[in-house]
Amino acid sequence: MGACLSHRIKSVSPSAAVNSRSASRNGNNLSCSSGKESLASIPQTPRSEGEILQSSNLKNFTFSELRTATRNFRPDSVLGEGGFGSVFKGWIDEQSLKPTKPGTGIIIAAKRLNQEGFQGHKEWLAEINYLGQLHHPNLVKLIGYCLEDEHRLLVYEFMVRGSMENHLFRRGSRVPPLPWGIRMKVALGAAKGLAFLHNAKTQVIYRDFKTANILLDSNYNAKLSDFGLARDGPTGDRSHVSTRVMGTYGYAAPEYLATGHLTAKSDIYSFGVVLLEMLSGRKAIDNNRPSGEQSLVDWAKPYLTSKRRIFRVIDTRLQGQYSLNRAQEVANLALQCLAVEPKCRPSMDEVVTTLVKLQEPGEMPKRNQKHRGNAHNHSNGKPTTYPKPSASPLHV
Ligand SMILES: Nc1ncnc2c1ncn2[C@@H]1O[C@H](COP(=O)(O)OP(=O)(O)O)[C@@H](O)[C@H]1O
Ligand SMILES: [Mg+2]
């Protein structure tokens, strides 16, 4: 919305979508995850809507239940919004999942389809298809859905700290910048979520990786939400999946924008953009900046290769929280993910391995150590919302 809405434009050349779920990949096992995940094997043929809704262990809410749970979708309970619609805070009973009084039971986040948007039933069903089957500590939990007349809603566990986007970019004299340590923790959590998807028995390409789709719990554990654009990866001998070009400007990989050919490497490019946003505190696309600085990747890339000039990119509010070596290693990782040639980008497993090593802040001058940020000393206010770019068809 706002300035960034100028980036929402219709696709000019939608191509036939390939949605094959045939032969499974020989995916590597995820070595860095906590083991709580289920590597669900997604059935090997495209499933009908009925099959998707029946097979998932999700609650089928009535519209009236969700209206009650969210107190009639009160505008002051909006948690955020994106290309699909607005997300409302609500309350349900933990056992029966029936609506309860505010302040009792458990908190939910109910995402309601905006009938006038670019997204619709297909994206709604995609979320149920994937989140109904894939479970991992770094993926948000889907509790249920609502399908009634024209209404399409999704009900998730509530993520108390909201999106990474809000934490990274909100400004104000009383808002402390997100510390280096937390940024690295979130980067690792999100990377584990993506690695899990890429390694699933039938590979899943997330396709809309961005800070707005990374949600945070009270301990800054990152969980990927918003699976509306997710797709099965290529199977058999195929190198890519052909799609209508969908996503968010500033995050989409150049070869995907140019051809519509989607691979897991497209997600890795988007991961590089997010890492750069975390390093710099700048948005992927910012129309309020001078012309040469509006595209974060174009502006930052030349600085990332130089030891001396790297400080031009790093968020000045992070001074004293990281060592030069660490900053270089993170910048180098971002640079690899942003390689123009997809083959030169690392795999998500490699990204996870590197980020695990980068969790410690590294050696730094003693006088700076008291300013170090970590996940425990960051006092946080309520998440705020602000204009954001959202997923939509993109021009080729
Ligand atoms: N489970 C949740 N808990 C808290 N906030 C949420 C939750 N889900 C979404 N939000 C907020 O709503 C925003 C939009 O949600 P998202 O699922 O990305 O919607 P869309 O599909 O429209 O992009 C997020 O960026 C976040 O700020
Ligand atoms: Mg979103």
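Reader: Which two strands form a hairpin with two residues between them?

Author: In this predicted model, β5 and β6 form that hairpin. In its turn, D149 has a positive phi of about 50 degrees.

Reader: How many bridges join β5 to β6?

Author: Strand β5, residues 142–148, is joined to β6 by six bridges, and the two run antiparallel. Among the pairs, G144 stands opposite V155, and C146 has L153 as its bridge partner in β6.

Reader: And how many bridges join β4 to β6?

Author: Five bridges join β4 to β6, again in an antiparallel arrangement. There, K111 has L154 of β6 as its bridge partner.

Reader: What is the strand order in the open sheet?

Author: The open sheet has six strands in the order β1-β5-β6-β4-β3-β2, and its pairing is mixed. β1 (59–60) and β2 stand at the edges with a single partner strand each, so one side of each has no neighbour in the sheet.

Reader: Is β6 mostly covered or mostly uncovered?

Author: β6 is mostly covered, with five of its seven residues buried.

Reader: Let us turn to the largest nonpolar core. Which residues touch the most other members?

Author: That core has 99 residues, and V155, A191, L275 and A334 touch the most other members. Helix α5, residues 180–199, gives the most to this core, with twelve residues.

Reader: What does A334 touch?

Author: Leaving aside residues up to four places away in sequence, A334 touches G272, L275, L276, L279 and L304. L275 is also one of the core residues that touch the most other members.

Reader: Now ligand 1. Which residues come nearest?

Author: Of the 25 residues around ligand 1, the nearest are G80, G82, F84, A109 and D226.

Reader: Which strands each supply at least two residues of the shell?

Author: Those strands are β2 (78–81), β3 (85–92), β4 (106–113) and β6 (151–157). β2 gives the largest share, three residues.

Terms used
Residues numbered from 1 in each chain as written. Chains lettered and ligands numbered in written order. Predicted model: local features only at pLDDT ≥ 70, side-chain atom pairs only at ≥ 80, totals over all residues. Near = placed C-beta within 6 Å. Helix = DSSP H or I, 4+ residues; strand = E, 2+ residues; numbered from the N terminus. Buried ≥ 20, exposed ≤ 12 C-beta atoms within 10 Å, placed from the backbone. Pairing = 2+ DSSP bridges. Core = buried A, V, L, I, M, F, W, Y, C linked by C-beta atoms within 7 Å. Contact = placed C-beta atoms within 7 Å.
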